[in-house]
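Here is a short report on one protein chain. Please read it alongside the sequence and the 3D view.

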Amino acid sequence: MKILNIITIGLVAVLMGSCGLYSKYERPEVKVNTSAAMRDAELYANTTDSLGFGDVAWREVFTDPQLQQLIQAGLDNNLDIYKAVASVKQMEEALRCARLAFLPSLALAPNGSLSKVLTGDYKSDWSKSYALPISASWTIDIFGNILAQKRNAEATLAMTKDYEQAARSGVICGVANSYYTLLMLDRQLEILAEMEKLTKETWEMMKLQKDLRGARETSVVSAQAAFLKVQAQAVDMRRQVREVENALSLLVGREAQAISRGKLADQTLPSEFSTGYPLRILSIRPDVHAKEMNLAACFYDVQKARSSMYPSLTISANGSYTNSLGSMIANPAQLIANFVGSLAQPIFSNGRLTAQLRIEKIDYEVAEKEWIHSILNAGAEISNSLVEYHSANEKGALDRQQVEVLKRSVDYTLNLFKMGTSSYLEVLTAQSSLLNAEISQVTDDFNKMQAVVNLYSALGGGRY
């Protein structure tokens with residue numbers, strides 16, 4: 001009795017010492033200044049609202065009907081999303097197995113035999129034996145090993161869902177960026193067509209000037225070269241359009257084809273952004289949350305490795321309906337049952353258990369560093385997107401003013417040239433400056449739209 005009491009006291013002491021094995025993952029203190037990482041969010045956006053731009057449904061952000069159809073096709077047909085969804089289903093099954101590990105295992109193995117003693121007269125009867133055995137085994141999770149495995153599976157499932165969401169967000173924003181690239185190229189082609197018409201008219205005028213007023217041949221040749229240069233730019237632009245169309249077709253799971261689309265000037269995107277609180281913004285990004293769930297999985301791996309150093313208690317039970325009783329065969333059959341309890345405590349495993357615990361601790365430290373790095377990276381991306389948007393917005397306003405001024409400059413220069421008070425070089429310079437300014441204005445409009453898309457992605461958008 002005293003020995004039993006000593007064993008009981010010892011087990012209670014061990015249990016009290018192993019309480020940490022049942023603790024749940026808690027987010028470590030972030031040793032970075034998230035407000036500093038989000039300084040441009042504080043400068044440019046409303047950070048007092050808990051509802052961020054990343055929480056807005058993608059159909060409310062991208063309102064172009066043709067773009068919405070392309071995004072939906074991408075979500076339905078994209079290979080990366082298909083693989084991510086399959087991975088989620090696999091992890092759901094793994095979690096189901098981890099939960100069932102708490103239950104006993106049962107096994108049924110019926111068997112039977114026929115035997116006969118071969119004597120000289122061959123008249124002995126056949127002996128029939130049979131058994132219907134059922135065995136059960138139950139490992140009692142005293143030290144949280146099975147619990148740690150279940151929690152690890154839960155964290156891994158959450159991480160896999162984050163990867164699925166990251167794939168969704170990538171497809172949504174990738175399709176949007178490609179679509180807006182096409183609109184930008186379309187608008188630039190329109191500008192080139194207008195400039196092609198203008199340079200052709202100038203060339204015709206140069207030839208007329210040569211015939212009527214004896215203008216230099218060099219002016220005619222220069223005008224022709226300017227006209228051909230614009231045509232060459234248009235050819236290159238059409239090639240880019242075809243390449244973007246092919247890439248977008250692949251992204252939405254279609255064969256290479258022309259893409260139906262609207263106009264750049266008809267696009268409307270949000271211009272005011274509510275980003276929410278800095279830490280919340282960063283933590284809901286799929287890639288950041290996935291890194292944290294990986295950290296949680298590593299935390300439970302450490303618990304599992306530590307619990308493997310403690311005793312394991314297994315209860316086994318066997319029952320059988322049989323007519324075979326050792327060396328005897330009894331009819332009718334009888335029921336036989338036995339119960340066994342075993343306690344196994346690792347004592348020496350060649351250092352394997354200790355080494356495994358150290359490995360898991362190192363993995364946890366690496367996962368924590370990766371998580372913190374993902375927070376810093378997310379803050380930088382949000383900051384860059386906001387700066388890009390507002391810079392493109394400011395630059396676009398200046399470019400629009402410049403285009404208006406240069407249009408007047410081209411008109412003035414052409415009129416002066418017709419009156420013979422200006423050289424063709426001034427005409428060519430004015431036209432080139434106008435073309436560059438108009439292309440730059442379209443590029444700024446595209447950069448602003450792309451910044452909105454990138455900000456939506458950086459804030460973890462596309463969940464709905």
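## Helix H6

The model is predicted. Helix H6 covers residues 79-100, 22 residues in total. At 1.5 Å a residue it should span 32 Å, and its end C-alpha atoms are 32 Å apart, which agrees.

Ile 81, Ala 84, Val 88, Met 91, Leu 95 and Ala 98 are buried in H6. Viewed down the axis, the buried residues of H6 fall within an arc of 90 degrees, so they line one face of the helix. Exposed residues sit on the other side of H6: Leu 79, Tyr 82, Lys 89, Gln 90 and Cys 97. The N-terminal end of H6 is capped by Asn 78. A side-chain oxygen of Asn 78 lies 2.9 Å from the backbone nitrogen of Asp 80.

## Strand pairing

Strand S3 spans residues 127-140 and runs antiparallel to strand S1, residues 105-108. Four bridges join S1 and S3. Ser 105 stands opposite Ser 137 of S3.

Strand S2, residues 111-115, is also antiparallel to S3, with five bridges between them. Here Ser 115 has Ser 127 as its bridge partner in S3.

## Nonpolar cores

How many residues does the largest nonpolar core have? It has 86. Phe 62, Leu 67, Ile 71, Val 175 and Tyr 180 have the most contacts inside it. The elements giving two or more residues to this core are H4 (58-61), H5, H6, H7, H8 (217-251), H10 (286-307), H11 (352-418) and H12 (424-458). H7 provides the largest share, 21 residues.

Beyond its neighbours within four places in sequence, Val 175 contacts Leu 67, Leu 70, Ile 71, Leu 248, Leu 251 and Val 252. Another core, of six residues, lies apart from the largest one. Val 88, Leu 95, Ala 153 and Leu 157 are among its members. Val 88 and Leu 95 are also among the buried residues of H6.

## Two single residues

Ser 178 is found in helix H7, residues 145-213. Is Ser 178 buried or exposed? Its relative accessible area is 18%, under the 20% cut-off, so Ser 178 counts as buried. Leaving out residues up to four places away in sequence, Ser 178 touches Val 244 and Leu 248. Leu 248 is also in contact with Val 175.

Asp 76 belongs to helix H5, residues 65-77. Asp 76 is exposed, because its relative accessible area of 54% is over 50%. Asp 76 and Gly 253 are 177 residues apart in sequence. In space, their C-alpha atoms are 8.4 Å apart.

Note on methods: Residues are numbered from 1 along each chain as its sequence is written. This is a predicted model: local features need pLDDT of at least 70, side-chain atom pairs count only at pLDDT 80 or more; totals for chains, interfaces and linings use all residues. Side-chain values use heavy atoms; hydrogens and water are left out. Two strands pair if DSSP finds at least two bridges between them. The expected span of a helix is 1.5 Å times one less than its number of residues. Buried means under 20% relative accessible area, exposed over 50%, partly exposed in between (1.4 Å probe, protein chains only). The arc is that of the directions from the helix axis to the C-beta atoms. A polar contact is a pair of N or O atoms within 3.5 Å; within protein, one must be able to donate a hydrogen and the other to accept it, and residues adjacent in sequence count only if both atoms are side-chain atoms. Contact means heavy atoms within 4.5 Å. A nonpolar core is a set of buried Ala, Val, Leu, Ile, Met, Phe, Trp, Tyr and Cys residues joined through side-chain atoms within 4.5 Å.
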